[in-house]
Structures are given as C-alpha cells and as structure tokens.
Amino acid sequence: MPVYGGIEAGGTKFVCAVGSAPDDLHDEIRFPTTTPAETIGRAVAYFEAQAKKYPLAAIGIASFGPVDPDPASATWGHITATPKPGWNNIEFAPVLRRALDVPVGFDTDVNGAALAEYRWGAARGLDTFIYLTIGTGIGGGAMVNGALLHGLIHPEMGHILLPPHPDDPYPAGFCPFHGNCMEGMANGPAIEKRWGQKAETLPADHPAWALEAHYLAAGLANLICVLSPQRIILGGGVMQQTQLFPPVRTRVTELLNGYVQSPQILQAIENYIIPPALGNRAGVLGAIALAEQAASSA
Ligand code: ADP
Ligand code: ZN
C-alpha cells in the first residue's frame with residue numbers, strides 16, 4: 001500500500017500526517033502557524049524525517065486561502081491575497097515538491113475535505129456535492145461531475161450575498177468586503193458580534209440560532225439552485241450546534257417552496273443536509289486524499 005504525506009494548513013495550526021486512509025495513519029504532528037518560512041520549514045523537516053521510514057508516493061496540501069490551485073499557473077501552489085499578516089503571495093506547494101521530489105497535490109482546505117468525504121465519508125458514490133465549513137469563515141468546496149470545482153480561481157461560496165432578515169438586529173452584516181454576504185451574516189465571529197458573546201456560549205433556545213438557521217438555509221437554497229448538489233455536508237465549529245440541522249433543513253424546504261422537484265429534498269432532507277462523516281478528521285484526510293489523487297495523475 002503506498003504511503004502519502006498530508007498537510008492540513010490552517011490559519012492557526014498545521015496538521016501533518018503520513019498514511020493512506022482514515023484507518024491507516026502512521027504518524028501525525030501539529031504545530032502553530034507562525035511565519036511562512038518557519039511553518040513551511042517545519043513541514044518540510046517533518047516529511048524529510050518520515051520519508052526515511054515510509055517512502056512517500058506523494059504529498060497533498062489542503063490549505064487556507066485564497067490559493068492558486070491552477071497547475072498551469074506560474075504561481076501554482078501559492079497562498080495569494082490572504083489578509084493573514086505575512087502570508088500574502090507565499091510559495092508553498094513548490095517548496096515541498098523541491099524538497100521531497102514527489103508529486104504534490106494542492107487545493108483549498110474545503111475542496112480537500114470534500115474529496116475526503118467523497119473517498120471515505122458522507123459523499124461516497126456521489127459525483128456532485130458541496131462541503132461547507134461554518135467556522136471563523138464560511139467556505140465551500142464542490143465536486144461537480146466527479147471533479148473538484150476550480151473554475152476561475154476556486155469557489156468562494158461563503159461570499160454569496162443574502163438579503164438581511166427583518167428580525168436581524170444587525171442587518172448590515174460583518175464581512176469587510178460585502179457586509180451582508182453569507183459569511184458576514186452567519187460565520188462564528190458574526191454571531192459573536194451580533195449578540196455580544198461567543199457563539200459557543202449562547203444557550204440552545206437563544207434567538208441567535210433561528211436567525212443562524214435562516215441565513216444558512218438562504219445560502220444553501222442559492223447553492224442548490226446553482227450547482228444542483230446531490231448532498232450538502234455542513235462542518236465547522238458553528239455546526240457543533242447540532243440543533244441547527246433540523247431548522248436549517250426546514251427553512252431550506254420553505255425557501256425552495258417545492259420548486260426543486262427532487263425526492264432527496266422533498267422526502268428525505270434529513271439525508272440531504274448532513275454533518276461530515278469524518279468529523280474534524282476531514283481536513284487532514286483531505287490532504288491525504290489530495291496526495292493520492294496527485295500520485296494517480298502523475
Ligand atoms: P476555523 O474556522 O478557524 O478553522 P472552527 O471551525 O472551529 O475553526 O470555527 C471557529 C468559530 O466557530 C469561532 O467563531 C467559534 O466561536 C465558533 N465555534 C466553535 N465551536 C463552537 C460551538 N461548539 N458552538 C458554536 N460555535 C462554535
Ligand atoms: Zn463577503
């Protein structure tokens with residue numbers, strides 16, 4: 001069985017692992033995201049050491065963004081215009097490729113998570129679906145007709161514009177670019193700013209959650225109309241509030257109003273909008289899945 005390296009590159013921490021599947025991970029390390037040189041350097045050193053024990057067939061990187069995932073681009077594998085201090089226009093994947101001399105798969109964190117759910121989790125057997133994380137930001141990855149969607153750059157599903165709800169005490173929203181986009185209305189920091197306390201401290205019966213369910217559902221209704229996904233997987237810290245799933249499903253049904261004539265939506269929406277099967281492992285397993293994909297296309 002070939003062994004792969006995977007990097008879940010987050011804005012606050014990196015997780016690096018070696019293995020081939022959820023039940024076949026040989027080693028894992030995590031460290032904080034500091035400067036690019038130090039953080040990427042630690043990842044290189046880790047894989048150089050691991051490669052002595054486990055010859056690596058490829059490395060996959062599932063990264064915070066924005067990124068350049070286009071293999072034909074001069075800046076392939078770079079983190080591009082990120083607001084994260086120090087990380088603007090940083091060469092990332094090519095550094096690993098030069099140091100380890102193996103194929104390197106590079107994509108967004110959410111495309112990686114989508115690929116992992118496709119390979120081992122809640123999207124097995126599907127060819128068109130969405131994985132969304134509702135956390136510090138809102139980001140979406142999509143597989144369309146069996147391939148991860150990139151298009152122009154990569155999808156930015158969290159930034160679709162949503163009409164403010166009449167009951168919203170802060171209808172202007174919080175996205176510095178768009179105000180009332182889905183992220184600006186419904187990410188963890190938006191909940192915290194709107195209600196003056198951290199999302200995880202709000203009681204389950206707080207009005208915050210009905211409003212949150214509405215905004216998530218409005219975003220999902222738009223995405224359903226655009227991509228016709230066969231399933232939508234919702235992960236991220238905010239979705240730890242599992243009481244959100246039933247009202248999100250109900251509100252999606254109400255907003256679509258019977259228009260999308262699919263039994264998955266009309267009769268079995270509890271299997272249509274679901275949590276990730278891989279839980280918080282989707283990130284690092286996504287990186288392993290990207291490595292597997294890079295090895296098979298090399
Ligand atoms: P990140 O997006 O930074 O990778 P998370 O997905 O954990 O990390 O998202 C962090 C955000 O999710 C924070 O805004 C936090 O307040 C919120 N959050 C984390 N855990 C919970 C929880 N149990 N309930 C509600 N919100 C949460
Ligand atoms: Zn926005």
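Modeller: Two strands are said to pair if DSSP finds at least two bridges between them, and the strands themselves are DSSP runs (E, at least two residues; helices are H or I, at least four), numbered from the N terminus. The model is predicted, so local features need pLDDT of at least 70 and side-chain atom pairs count only at pLDDT 80 or more, while totals for chains, interfaces and linings use all residues. Residues are numbered from 1 along each chain as its sequence is written, chains are lettered from A and ligands numbered from 1 in the order in which they are written, and side-chain values use heavy atoms, with hydrogens and water left out.

Biologist: How do you know that β1 and β4 pair, and in which sense?

Modeller: Strand β4 (residues 56–63) is joined to β1 over seven bridges in the parallel sense, which is set against a requirement of at least two. Within this pairing, G5 stands opposite I59 in β4. On β2 (residues 13–21) the count is six bridges, this time antiparallel, with F14 in β2 as the bridge partner of A9, and β1 and β2 form a hairpin with three residues between them.

Biologist: Why is β1 called largely enclosed?

Modeller: A residue is buried under 20% relative accessible area, exposed over 50% and partly exposed in between, with a 1.4 Å probe and protein chains only. Six of the seven residues of β1 (residues 3–9) are buried, and therefore the strand is described as largely enclosed by the rest of the structure.

Biologist: What makes the arrangement around the zinc ion (ligand 2) tetrahedral?

Modeller: Donors are N, O and S atoms within 2.8 Å of the metal (3.2 Å for Na, K and Ca), and sites may look incomplete because water is not among the atoms. Here H159 (ND1), C175 (SG), H178 (ND1) and C181 (SG) coordinate the zinc ion at 2.0 to 2.4 Å. Four donors count as tetrahedral if all angles lie between 85 and 135 degrees; those around this zinc ion are 101 to 123 degrees, so the arrangement is tetrahedral. The spacing of the donor residues in sequence is H-x15-C-x2-H-x2-C.

Biologist: Which of the words buried, partly exposed or exposed applies to H159, and which to C181?

Modeller: H159 has a relative accessible area of 22% and is therefore partly exposed, whereas C181, at 0%, is buried.

Biologist: What makes the approach of T136 to ligand 1 a polar contact?

Modeller: A polar contact is a pair of N or O atoms within 3.5 Å; within protein, one must be able to donate a hydrogen and the other to accept it, and residues adjacent in sequence count only if both atoms are side-chain atoms. A polar side-chain atom of T136 lies 2.6 Å from an oxygen atom of ligand 1, and an N or O atom in the side chain of E200 is likewise 2.6 Å from an oxygen atom of that ligand. For Q241, the distance from a polar side-chain atom to a nitrogen atom of ligand 1 is 2.7 Å.

How values were computed:
Four donors count as tetrahedral if all angles lie between 85 and 135 degrees; four count as square planar and six as octahedral if opposite donors are over 155 degrees apart and all others between 65 and 115; anything else is irregular.
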